[in-house]
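Student: I am new to this structure. Please take me through one chain closely, and show me how it meets its partner.

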Amino acid sequence: MIAEWFAIVMGTSLFVLMVPVIYRICIGPTGFDRILGVNVIGTKTAVLLVIIGTLYGRVEMFVDFALTYALLNFVAAIIVSRYLNRTISLKEMEAREKSKEGSKT
Amino acid sequence: MSLDSFSFFALAVATEDGGDGFLLLQIIGVICGILGLIFFLGSAVGMVRFPDFYTRMHAAGKGDTLSTMLMLGGFGLVTMDDLSVGSWLLLIKILGVVLFIYLTTPTSSHALMRAAFEDDEMPMTEDDLKKSKKRGKKKR
């Protein structure tokens, strides 16, 4: 009885509180803002899956889904951060060091 | 006084529930969930209001981790209504998800922050703030 009402109220308020994060995903100035919002929403979806499991009465099944979703979310964040990471070549790095030394002296 | 009233409250809850006190556990779980909602509210407001990528990441990383942990722990306590093997297993699984999120969310925020810093995403300084204020005054 308590568990069902608690699940309904928590799920509804989680959906309402996801709206500002979706706004940030839509207007985010950089790509990093967007992937950060996607990460937050993915973590909250893992909570929502546990809530849905409480409503259906099969929590032990939905907890596994939540674990899988959290794992996929983590892997997606790591992959996107690796992809957006701009690596510079060794020659460019040496050129930067030389320009720094030149500006110092 | 407060401790005495609390123990009386616990006794009343336990007698109302048939003496085993699972209602008290559920009330603790509900309080944990509401605390998690408050933290997530702070995180969402911070993600909209803050001016800079790094401050937004500060709001999102901290509020997100703690609110998810509190909400999942609260649900683990709420759904526990007997002492059978299945419900203990369920509680341990939910605590496993909590441990996983406790380990991975700070890691992913760290990786994103590092990627943004190496991509020459500059943090907002005081000069930028002054410039934006001047621009606002001119517009008005």
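Tutor: Of the 140 residues in chain B, 31% count as buried. This is a predicted model. Chain B has five helices and zero strands. From the N terminus on, its elements run α-α-α-α-α. Residues 24 or more positions apart account for 64% of the chain B contacts that have a separation of 6 or more.

Confidence comes next. Chain B averages a pLDDT of 82, and 81% of the residues score at least 70. Among the elements of chain B, helix α1 (residues 2-16) has the lowest mean pLDDT, 58. Helix α3(B) has the highest, 91. For the complex, the predictor gives an ipTM of 0.80 and a pTM of 0.79.

Now the contact between the chains. Chain B puts in 38 residues and chain A puts in 36 residues. On the chain B side, α2, α3 (53-78) and α4 (85-118) each supply at least two residues. The largest share of that side, 15 residues, comes from α4(B). By class, the side of chain B that touches chain A has 24 nonpolar, eight polar and six charged residues.

Look at two helix pairs across this contact. Two packed helices are described by the angle between their axes and the distance between the axes.

Lys62(B) is 20 residues apart from Gly42(B) along the chain, and their C-alpha atoms are separated by 9.9 Å.

The other pair is α2(A) with α3(B). Their axes come within 10 Å and cross at roughly 10°. That angle makes α2(A) roughly parallel to α3(B). On the α2(A) side, the contact includes Phe32(A), Asp33(A), Leu36(A), Val40(A) and Val50(A). On the α3(B) side, it includes Phe53(B), Arg56(B), Met57(B), Asp64(B) and Leu72(B). By class, this contact of α2(A) with α3(B) has 11 nonpolar, three polar and three charged residues.

Finally, the core. The largest nonpolar core has 45 residues. Those with the most contacts inside it are Val50(A), Ala66(A), Leu72(B), Val97(B) and Leu112(B). From chain A, the elements that give two or more residues to this core are α1, α2 (31-56) and α3 (59-84). From chain B, they are α2, α3 and α4. The largest share of the core, 11 residues, comes from α3(B).

Find Val97(B) in the view. Leave out residues up to four places away in sequence. Val97(B) then touches Ala46(A), Val63(A), Ala66(A), Leu67(A) and Ala70(A), along with Leu72(B).

Methods
Residues are numbered from 1 along each chain as its sequence is written. Chains are lettered from A and ligands numbered from 1 in the order in which they are written. This is a predicted model: local features need pLDDT of at least 70, side-chain atom pairs count only at pLDDT 80 or more; totals for chains, interfaces and linings use all residues. Two residues are in contact if their C-beta atoms, placed from the backbone, lie within 7 Å. Helices (H or I, at least four residues) and strands (E, at least two) are DSSP runs, numbered from the N terminus. Ala, Val, Leu, Ile, Met, Phe, Trp, Tyr, Cys and Pro count as nonpolar, Asp, Glu, Lys and Arg as charged, and the others, Gly among them, as polar. A residue is buried if 20 or more other C-beta atoms lie within 10 Å of its own, exposed if 12 or fewer, and partly exposed in between; C-beta atoms are placed from the backbone. A nonpolar core is a set of buried Ala, Val, Leu, Ile, Met, Phe, Trp, Tyr and Cys residues joined through C-beta atoms within 7 Å. pLDDT is the predictor's confidence in each residue, from 0 to 100. Axes are lines fitted to C-alpha atoms, for helices over the stretch in contact, and angles run from 0 to 180 degrees between N-to-C directions. Angles under 35 degrees count as roughly parallel, over 145 as roughly antiparallel, 65 to 115 as roughly perpendicular and the rest as oblique.
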